[in-house]
Amino acid sequence: MSFDWFVLPFSIGALILIVVLISRYILWVIKLSRADRRKSWRSVFSFKLFQAVWEVFNESLLHRKIFRVNALLGWMHMTFALGWFLLIVIGSVESKFHKEKVFNMPYDPIFLRYFEHDVHGFWFAEGFTTIMDTILLLLLVATIMAVSKRFFKWIYGMKRTTKLHPGDQIALASLWLIFPMRFIAESFTAGIYGNGGYLTQTAGDIFATFLPLKSLELGAWWTYSSALCLFFLFLPFSRYMHIPTEVFLIYLRKAGVKTPDNKLTGFSEFETYSCSRCGLCIDQCQLSETTGYDDQAVYFLQKLRRNILQEESSHNCLLCGKCTNICPVGIDITKIRLLKRTEFAPEMLFNYRHYENVIHHDERKVDVAYFGGCMTHLTPKIKIAMTGIFRKLNIRYNFVDENGSICCGRPLKLAGNHMQARDLMQENKRIIIATGAKILVTSCPICYNIFKNEYKFDKIQVLHHSEYLNLLHKEGALKLTPNEEKMVYHDPCELGRMMNIYEPPREILEKSGKLIPVQKEKNFADCCGGSLANLPLSEDNRRKVSKEALTKLLAPSPDILVTACPLCKKTFSNVSDTPVKDIAEVVYERMIE
Amino acid sequence: MKTFGYTIQNDRQIDFDAADKKLYRYVAEKEPDINLCIFCGTCTATCSAAEFKNMSFRKISLFLRRGLTENLKREIESCMFCGKCTLVCPRGINTRNIIFNIRKGIEEYEF
Amino acid sequence: MDTNKTVAVIGGGIAGMEAATFLSARGITVYLIEKEDKLGGHLLDWERLFPTMRNGSEVVKFLMDGVKADNIKIMLSSKLTAAEKSGKGYNLRINENVDLFADAVLVTTGYDLFDATKKEEYGYGIYDNVITSADLEKIFMSGKALQTKQGNVPKKIGLVHCVGSRDEKAGNVYCSKVCCVTGVKQAIEIKQKMPYTEVFNFYMDLRMYGMHFEALYKKAQADFGIQFIRGRLSEASEDQNGGIILKVEDTLMGKPLKLTVDILVLLIGLIPAKGSKEVGELFGLKNGVNGFYKTTDQHTLTNSSNVDGVFFAGACTSPKTITNTITDARAAASTVAAYLFNYRSLERKIEQNEDFWLYNTK
Ligand code: SF4
Ligand code: SF4
Ligand code: SF4
Ligand code: SF4
Ligand code: SF4
């Protein structure tokens, strides 16, 4: 058995790391709901495991998603992950060849060159050494890239990189040391015993000309082992925790585990710790540009991990979902943030009883129930357009909240009052069902979201008015005369990123006039700044967010700005000289009777 | 409590000397916008809850400053957080954040 | 007393007219450049003036008499399209084809009226019976009876104060200064014409700061029974008969109030003129926080701009009443003269006194 004292730091570090990881993971699995736990056990023996392995390969090793967004960054992440992975795998194979037995010490492949001076035959002389040296070379390049990213972020097209806390800094420094130290240690040994490949041997020979390698060799290996040890010890307390965790996250996701709508489970722990702190979410956040806000996804998750999350961080966010949209790990940050708010929400002084007694609704049986939404009362053109369309097409409808009604409940949920929202929802649901309608059409994407996802209507189809109008048009009931006005379309966050409705509004707008594309649209669209989800955001800052978003939307100089949300409309109207219209108004203006 | 046929008229005047400003200070620190209200009543006029119940954000804003916590509690219950008041306020007051923090403050101080 | 000096006055509203008159009296040649085909600006569209109910046309006539001087060259339908510094003065181009030189420029571009369609919840441009104070004046001017779109005599009329003023959402945080008293004046005029119509003024604060304004307010109460309700309109909607349903809180009663009126009048505020923006860009003039031109000092140098040889008069620097505008125009004329003839009075300096701290914006 090969042994030297310097293998100890590595071995102890690795052991501690494994114990810490396993205990954490067990804890989180316990925090999963029973159904989720069952799902995750079952999937071990199914095809899902293979799918997970495939995705782990693609994401954790190749980092495909980061590649797509930023190739240079993708390359760096890939060489680190894949390179290190191959170094271990090929190293193990190599060490097995050397020892000619199946089991050996876990540190053998890591320190092989120190213990094995005998490189004979093609396999060892040309094969393994060349491969291993090539991988090492790639890793050294990646290390240089990582270091330069810290100091010259513009090379990578990033405005900001993530900020580090001490745990990260130590782990980062030790990571930066690992591969250069391996290179130095292997070169020193190669310089003495001639067992290196093209890289390490050449370097070793050069070092040998001016360095007393014999006395330095052991020290270099000690440093290498210690760097590894340091990295392992700090890994669970640093961003690198994401490396092992993401593997499990991918598996759980494949097994069908999700965060439920009403509470956080162990799954979100896996998500939280899977953040690679790649920093892609930072530049997405409109708040940071305008308000100097720095609770973007990555820092929010960091605070969660360190258990120092405060009310401010959980609430000062538009929940626009742009960070979730870009996140290569696929962490549903917006949902985590939303559910975290329950911890800070007040529970007293809510009383929604008695609403049932005061709301009188129309008892006629109709086909369509139209729910304008609270905000729509402040944008009467939308109401007029919708009711006008119903009337002209002879659709039997009931304007549920014509004279005001109960709020849909989503604003309460956005503030963390989930239980209280439920009271409202129940009452509202009863009123809507009582209309006897088969279709519920709403003008407000905020209502739409909760109606569709959480009201759980059995017999009522929920549609946003953009979908509904598009359907009417496709069926041929609604006919349009397009005109020449140039329009741009703003995707409301709640309709787009939250509900994935991108095409219906575009389809019908294309039939009504000239729709011109904008730079940031669909899932990359900006938030209008009006978001109800951000409680502390001041009016001044809202206006700043709106103005910036507006400037981008108006870059192609359209005649009108079209959106599909009363809140977006109101928010943009406050800052825009170009007319802002709702999609319903555009359709109503241009419909043929 | 025995009143011996008399009722004490607590509401006859606002006792500013005795008013408890703790809650006001709590809220003002969290949301300084509270100081910007000009009591125009637009928020109340538009309020989704006021359509059916006694609910006036303008009054809440006053009760808070005058330390009339009991009135405040009654008034605030039915707010559904819909956000209409924020949209219409001419002073750009972040009304919802104020309501949120009043509820929290009352909870915290156990008024 | 003719001098060889010329001044270009840009804008032929009341400020421009009165300033031209007083400049010409100093022997200065004045080019009075007006983009419309008539002098008089907004005053032409106003029938009677607060607080005395004088006819606006009388004031126009008075001002017209002033600009009849020989050394005032009135240029109508004329738009300044280019300006270039030349020596101490400016080469100006009008309508792409006329060039002239001026030793100094006096900008009197006035104001625009707030576009009430921007407050969608008030229903202007949506509901037929919602009109603005400017529309109401036009109806008064036409001599026609005030009727609903359905052709009925209105039984109830509401006037809403502060539409587009004192409103962060509309982006105008300042008080427009003239609309309160206009609202009281118009309420009285409605009553004079239709004694049986009920009139309601919805206000946040009634700003009756000028001489006789308070008296006008008192008259409105005493002789005309106009009802003043303290509460700002949140939204208006239309009923089946074209009536306008108002949602207001009666803040003094502490209760929401519902009222259906036959006609709703929006007392729209004054906003920086589009013309000011265009002219400002030609000369590089600075705007203040609220978008009106920034005068060199808030208290003393009220007619000077940041550009040498360019001066201001009237509502282009802030909302002003007619009285204030005429006074300001004369002050501007005297400031311009001081500049042209090197009076010692213009050598005085005053410490910078910023207003930015009053606002959160930069
Ligand atoms: S949250 Fe996602 S996008 Fe943001 S740093 Fe973490 S992994 Fe990257
Ligand atoms: S949801 Fe939007 S506002 Fe919130 S952190 Fe993400 S990008 Fe920023
Ligand atoms: S609308 Fe704003 S300013 Fe007016 S009473 Fe309400 S909170 Fe106060
Ligand atoms: S948020 Fe509350 S107070 Fe404001 S309008 Fe809605 S229900 Fe009324
Ligand atoms: S003058 Fe009166 S109506 Fe006009 S903005 Fe000022 S307060 Fe409002």
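In what order do the elements of chain B run from the N terminus on? In this predicted model, they run α-α-α-α-α-α, and the secondary structure of chain B accordingly comes to six helices and zero strands.

Chain B has 111 residues, and buried residues make up 62% of them. Of the contacts in chain B with a separation of 6 or more, 66% are accounted for by residues 24 or more positions apart.

Helix 3 of chain B is mostly covered, with eight of its 10 residues buried. These buried residues are F57(B), R58(B), I60(B), S61(B), L62(B), F63(B), L64(B) and R65(B), a list that contains the charged residues R58(B) and R65(B). Within chain B they pack against helix 1 (22-30), helix 2, helix 4 (69-76) and helix 6 (95-109), and from chain C they are joined by strand 16 (244-250). After helix 3 of chain B comes G67(B), which has a positive phi, near 70 degrees.

## The surroundings of ligand 3

Ligand 3 is surrounded by residues of chain B, namely C37(B), I38(B), F39(B), C40(B), G41(B), T42(B), C43(B), F57(B), R58(B), C89(B), P90(B) and I93(B). By class, the shell around ligand 3 divides into nine nonpolar residues, two polar residues and one charged residue. F57(B) and R58(B), which belong to the shell around ligand 3, are also listed among the buried residues of helix 3 of chain B.

The residues around ligand 5 come from chain C, and they are H161(C), C162(C), S165(C), R166(C), C175(C), S176(C), K177(C), C179(C), C180(C), D205(C) and R207(C). Strand 12 (156-163) and helix 4 (179-193) of chain C each supply at least two residues of this shell. The shell around ligand 5 divides into four nonpolar, three polar and four charged residues, whereas the shell around ligand 3 has nine nonpolar, two polar and one charged.

## Isoleucine 74 of chain C

I74(C) is found in strand 5 (residues 72-75) of chain C. Because its relative accessible area is 39%, I74(C) counts as partly exposed. Leaving aside neighbours within four places in sequence, I74(C) is in contact with L32(C), L39(C) and V67(C). The C-alpha atom of I74(C) is separated by 9.7 Å from that of M17(C), a residue 57 residues apart from I74(C) along the chain.

## Chain A as a whole

The secondary structure of chain A comes to 27 helices and 10 strands, and the C-alpha trace of chain A spans about 95 × 50 × 45 Å along its principal axes. Chain A has 593 residues, of which 61% count as buried. For contacts in chain A with a separation of 6 or more, residues 24 or more positions apart account for 74%.

One buried position in chain A is T79(A), which has its place in helix 5 (residues 71-99) and counts as buried because its relative accessibility is 4%. Not counting residues up to four places away in sequence, T79(A) touches W84(A), L138(A), L139(A) and A142(A).

Helix 23 (residues 465-475) of chain A packs with helix 27 (residues 583-590) of chain A at an angle of about 25 degrees, their axes being 10 Å apart. Because angles under 35 degrees count as roughly parallel, helix 23 of chain A is roughly parallel to helix 27 of chain A. The crossing of these two helices is left-handed. From helix 23 of chain A the contact involves H465(A), S466(A) and L469(A), and from helix 27 of chain A it involves I583(A), A584(A) and V587(A). By class, this contact has four nonpolar, two polar and no charged residues.

Helix 23 of chain A also packs with helix 24 (residues 503-512) of chain A, at an angle of about 50 degrees and with axes 8 Å apart, which makes helix 23 of chain A oblique to helix 24 of chain A. This crossing, too, is left-handed. S466(A), E467(A), L469(A), N470(A), H473(A) and K474(A) of helix 23 of chain A meet P504(A), P505(A), E507(A), I508(A) and K511(A) of helix 24 of chain A. The residues of this contact comprise four nonpolar, three polar and four charged. S466(A) and L469(A) take part in the contact with helix 27 of chain A and in the contact with helix 24 of chain A.

Key: Residues are numbered from 1 along each chain as its sequence is written. Chains are lettered from A and ligands numbered from 1 in the order in which they are written. This is a predicted model: local features need pLDDT of at least 70, side-chain atom pairs count only at pLDDT 80 or more; totals for chains, interfaces and linings use all residues. Side-chain values use heavy atoms; hydrogens and water are left out. A residue is near a molecule or strand if one of its heavy atoms lies within 4 Å of it. Helices (H or I, at least four residues) and strands (E, at least two) are DSSP runs, numbered from the N terminus. Axes are lines fitted to C-alpha atoms, for helices over the stretch in contact, and angles run from 0 to 180 degrees between N-to-C directions. Angles under 35 degrees count as roughly parallel, over 145 as roughly antiparallel, 65 to 115 as roughly perpendicular and the rest as oblique. A crossing is left-handed if the near helix is turned anticlockwise from the far one by less than a right angle, and right-handed if clockwise. Contact means heavy atoms within 4.5 Å. Buried means under 20% relative accessible area, exposed over 50%, partly exposed in between (1.4 Å probe, protein chains only).
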